[in-house]
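Work through the following exercises with the sequence and the coordinates at hand. Each task is followed by a worked solution.

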Amino acid sequence: MQLEVVAIGGYEEVGRNMTAVNIDGEIIIFDMGVRLDRIMIHEDTDISKMHSLNLIEMGVIPDDTVMKNIEGEVKAIVLTHGHLDHIGAITKLAHRYNAPIIGTPYTLELVKREILSEKKFDVRNPLITLENGNKLDLTANITLEFVKITHSIPDAAMAVLHTPYGAVVYGNDFKFDNFPVVGEKPDYRALKRIGKQGVIAMVSESTRVDYEGKTASEGVAANLLKNDLLGTDNEDNAVVVTTFSSHIARIKSITDIASKMGRIPVLVGRSMSKYCGIAQDIGLVKFPKETKICWDPSSIDKTFHQVMKDGKENYLMIVTGHQGEEGAVLSRMATNKTAFRFEKYDQVVFSADVIPNPMNAAQRYLLEARLKLAGVRLFKGAHVSGHAAKEDHRDILRWLQPEHLIPAHGDFNLTSSYAKLAEEEGFRLGEDVHLLRNGQSLKFERVI
């Protein structure tokens, strides 16, 4: 038996996720992501002209040179969903491997867009679409199954490798949302079936394992937004909402509320256009017919001029920049670098939490201070996470009953908190719970 899990990225931080699984010399890579906060870039930032070696040195993308020490041949690159911390390094690393890229339809459409915009490398890996609920034979001994899961982006999957030694489950990222705004609830039946068949190892995110209870449904965020937008005296004022541009369900809720307010929804930003445009094109979501999308500098400038001319009270703008990132749309609006001008009693709703690191907190504080100086009314809290909380993790451990656990997608504080939870469920650190660092690997041994 030769079964090895290689931790390439995402085992010391939240971001730049990449893991390899070696099964008797046949290697499957999961995800190739970036770490956005390492160079303080944001959703609209273009890294297409940057070289992979520079990005590795800066800690932005995974250092996959560890793969040179792994004996075997890469058979597939499997992507779980379309967030940049899972697919953002595809254009910088995938061309090194003679293997197809596999993902759900929405994820691969996003990958296609990334490949088309890449200026440094020529990525020609075949793209293979696999729908949630389906299986694909990767080799004679390895079958890939995508299990439907919910997250803060459509078409997310939990990837399962069926091997001669049992299943290997890769769970980055997921939540258990029984009332999703877009898409369907998770496939609990499949998860329980896989658990009964036998799981030798599970790689699990640990991003929100410290939070007690269960992560709330996206439907809760929709109601919070209704409270902030429909329950506030804002008839004669500007209304601006900022959230993740990849959060299609959230943006759908906001545009629907805009219609109820009698306002025209305007999606502003390059990434807003990319994520929302693709989701609408492939039929994942339908925005109100009056929705406007602007993404390039000239169209954004033209749109803001039109908003100021027609009256801000006729529009609801959905923009990037909820972390206060310099150069993002909301920061540019707050510093009068666009044609838009904030005035007293205008409303800004932050439908996203601050990503927990000191630089983000500082940038967000500065943005809020600037808005307050202009007399803007700030609304925060209309948000629910896309990541599983403690009791969600406890449930999946009971359903899958893996022989071995490897926490990922977090720093040492988070992965060790996951280990603590696992011990409450009967696992033991060093025996069947394994804390890895980037570049380390874990080999399993079993008498067959």
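Predicted model: local features only at pLDDT ≥ 70, side-chain atom pairs only at ≥ 80, totals over all residues.

**Exercise 1. Annotated positions**

Solution: 
- Step 1. Take Asp-85, which is found in helix 2 (residues 84–87). Asp-85 has a relative accessible area of 17%, so it is buried. Leaving out residues up to four places away in sequence, Asp-85 touches Gly-15, Arg-16, Asn-17, Gly-33, Val-34 and His-409.
- Step 2. Now take Asp-173, in the loop between strand 10 (166–171) and helix 5 (188–197). Asp-173 counts as buried because its relative accessibility is 2%.
- Step 3. Beyond its neighbours within four places in sequence, Asp-173 is in contact with several histidines, including His-81, His-86, His-387 and His-409, and also with Ile-149 and Glu-205. His-151 is another of these contacts, and a polar contact of 3.4 Å joins the side chains of Asp-173 and His-151.

**Exercise 2. Aromatic rings**

Task: State how many aromatic pairs a search of the whole structure finds, and classify the pair Phe-174 and Phe-176.

Solution: 
- Step 1. The search of the whole structure gives 7 aromatic pairs.
- Step 2. Phe-174 and Phe-176 are 5.5 Å apart, centre to centre, with 45° between the planes, and this pair is tilted. Phe-174 is buried at 0% relative accessible area, and Phe-176 counts as buried at 2%.
- Step 3. For comparison, Phe-340 and Phe-342 form an edge-to-face pair, at 4.9 Å centre to centre and 80° between the planes. The angle is over 60 degrees, which means that the pair counts as edge-to-face. Phe-340 counts as buried at 0% relative accessibility, and Phe-342 counts as buried at 12%.
- Step 4. Ring pairs also link Phe-174 and Phe-176 with Tyr-188 and Trp-399 into a cluster.
- Step 5. Two arginines lie over ring faces: Arg-208 over Tyr-211, at 4.2 Å from the ring centre, and Arg-364 over Phe-350, at 3.9 Å from the ring centre.

**Exercise 3. Cysteines**

Solution: 
- Step 1. A disulfide is a covalent bond between the sulfur atoms of two cysteines.
- Step 2. The cut-off for a disulfide is 2.5 Å.
- Step 3. A search of the whole structure finds 0 disulfides.
- Step 4. Cys-276 is buried, with a relative accessible area of 0%, and Cys-294 counts as buried at 3%.

**Exercise 4. A loop residue**

Task: Locate Ala-238 and decide whether it is buried or exposed.

Solution: 
- Step 1. Ala-238 sits in the loop between helix 6 (218–230) and strand 12 (239–242).
- Step 2. The relative accessibility of Ala-238 is 0%, so it counts as buried.
- Step 3. Not counting residues up to four places away in sequence, Ala-238 touches Arg-263, Lys-312, Phe-340, Asp-346 and Gln-347.
- Step 4. Val-307 is 69 residues from Ala-238 along the chain, and their C-alpha atoms are separated by 9.5 Å.

How values were computed: Residues numbered from 1 in each chain as written. Heavy atoms only, no water. Phe/Tyr/Trp six-rings, centres within 6.5 Å; stacked < 30°, edge-to-face > 60°. Buried < 20%, exposed > 50% of the residue type's maximum accessible area, 1.4 Å probe, protein only. Lys NZ or Arg CZ within 6 Å of the ring centre and 35° of its normal. Helix = DSSP H or I, 4+ residues; strand = E, 2+ residues; numbered from the N terminus. Contact = heavy atoms within 4.5 Å. Polar contact = N/O pair within 3.5 Å; in protein donor to acceptor, adjacent residues only side chain to side chain.
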